[in-house]
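Hi,

Here is the structure I promised to pass on. Have a look at it first, and my notes on it follow below.

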Amino acid sequence: MSSASPPVDLVREVRLYVFRQAAETTRVPQPPQIAQALGRPLPAIQEAVSQLAAGKVLILAPNDSNIWSANPFCAVPSGFRVQVAGKTYWGICIYDAMGIAAALAEDARIQALCGDCGKLMTLDIQGGALAHSEGLVHFAVPVHHRWDNIAFTSSTMLLFRGEEHIDRWCVARELPRGAVLTPQQCWRLAHGWYEDKLKPDWRRHNLEETETLLPEVGLSGPFWNLRE
Ligand SMILES: [Zn+2]
C-alpha cells in the first residue's frame, strides 16, 4: 500500500491547496501543514508532493522532501522580491519573479540585484504589461537541459544591468554565454507559461504549446530548441 501511487484526486487536492496558500499568504505550505489542513496522513501527502515534483509541477528542496518552490512561488526568501498588494513574494529567479505577477494577475513591483555587480533594479508590472524595466535577462542553460539540474538552471536565470555585466559574469563563472532576453521578452514568456498556474484545471503545457510560445516572444535558435 505504501508504494502505491496516491489517487489522482488527492494529488489534485494537494496541488490546489499548495498554490492557493502560496498565492494568498505568500508562504508555500510544507507536507506537515498540508496533511493537517487536508486531514490526511503525512505519508500520503508526501507521496502526492513527490508525484507533483516528478510531474514538474513544483520543485523539491535538494536532499529534502520539503517544497523548495511551488513555482513561481519560492518557499524561502530569495534575491527576487515581488511586491503585490502589500504582500511580498519570492521567486527563485527573475523568470519566476515575473511569473508571480503573471499567475496572480495583479500589478507587481519586482526588485532584483544585478547578477554581476549586485546593483538593485526595479521592474513594474501594471495592467498586465511591463510598465517599467531596466537591465537585461540572461539564461545560461539551454531550455532542453533546464530540468537536468533545475536548481542550477534557476540560479542562473538572472537580471543584469547590461551586456558587459553578463559577459563579466559568464567569464567569472566559466560558463558559455547563453541567451539574452529583454525584460519584455522575459515577461511575455513568463506570462505565457504561468498565467494559468493557479487555475483549478491547470495542466503542464505540452511540447507543442511551448514550441508555439517561444517564437511568439521572438525566441528562436538552438538555445530554445526543446527537442534537441
Ligand atoms: Zn552588474
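Strands β9 (residues 136-139) and β10 pair in the antiparallel sense over four bridges; strands here are DSSP runs (E, at least two residues), helices are runs of H or I with at least four, both numbered from the N terminus, and two strands pair if DSSP finds at least two bridges between them. In that pairing, phenylalanine 139 stands opposite methionine 157 in β10. Strand β10 (residues 157-160) is covered on both faces, with Met157 and Leu159 buried on one side and Leu158 and Phe160 buried on the other. By "buried" I mean that 20 or more other C-beta atoms lie within 10 Å of the residue's own; 12 or fewer is exposed, anything in between is partly exposed, and C-beta atoms are placed from the backbone. As background, side chains in a regular strand alternate between the two faces of the sheet.

Before you read on, please keep in mind that this is a predicted model: local features need pLDDT of at least 70, side-chain atom pairs count only at pLDDT 80 or more, and totals for chains, interfaces and linings use all residues. Residues are numbered from 1 along each chain as its sequence is written.

Now the other sheet. Five strands form an open sheet in the order β5-β4-β6-β7-β8, with antiparallel pairing. Its edge strands are β5 (87-91) and β8 (129-132), each of which pairs on one side only. From one strand to the next, the twist averages 30°, with axes fitted to C-alpha atoms (for helices over the stretch in contact) and angles running from 0 to 180 degrees between N-to-C directions. Strand β7 (residues 120-126) pairs with β8 over three bridges in the antiparallel sense, and aspartate 124 stands opposite histidine 132 in β8. Helix α4 packs on this sheet, touching β4 (80-84), β5, β6 (108-113) and β7, and its direction makes about 15° with that of β4. Contact means that the C-beta atoms of two residues, placed from the backbone, lie within 7 Å.

How many residues of α4 (residues 94-104) are buried? The count is 11 of its 11, including Tyr95, Asp96 and Met98. After α4 comes alanine 105, with a positive phi near 55°.

Stepping back, the chain has eight helices and 11 strands. Its radius of gyration (taken over C-alpha atoms) is 18 Å, close to the 17 Å that the globule rule gives for 228 residues, so the chain is as compact as a globular protein of that length; the rule is 2.2 Å times the number of residues to the power 0.38. Of the 228 residues, 36% count as buried.

The domain assignment gives domain 1 (8-70) and domain 2 (77-224), with bounds from an automatic or database assignment. Their centres, taken over C-alpha atoms, are 23 Å apart, and 10 residues of domain 1 are in contact with 13 residues of domain 2. On the domain 1 side, the largest share, three residues, comes from helix α1 (residues 8-25).

Tyrosine 17 counts as partly exposed because it has 17 C-beta neighbours inside 10 Å. Leaving aside residues up to four places away in sequence, tyrosine 17 touches Pro29, Ile34, Ala37 and Leu38.

Best wishes
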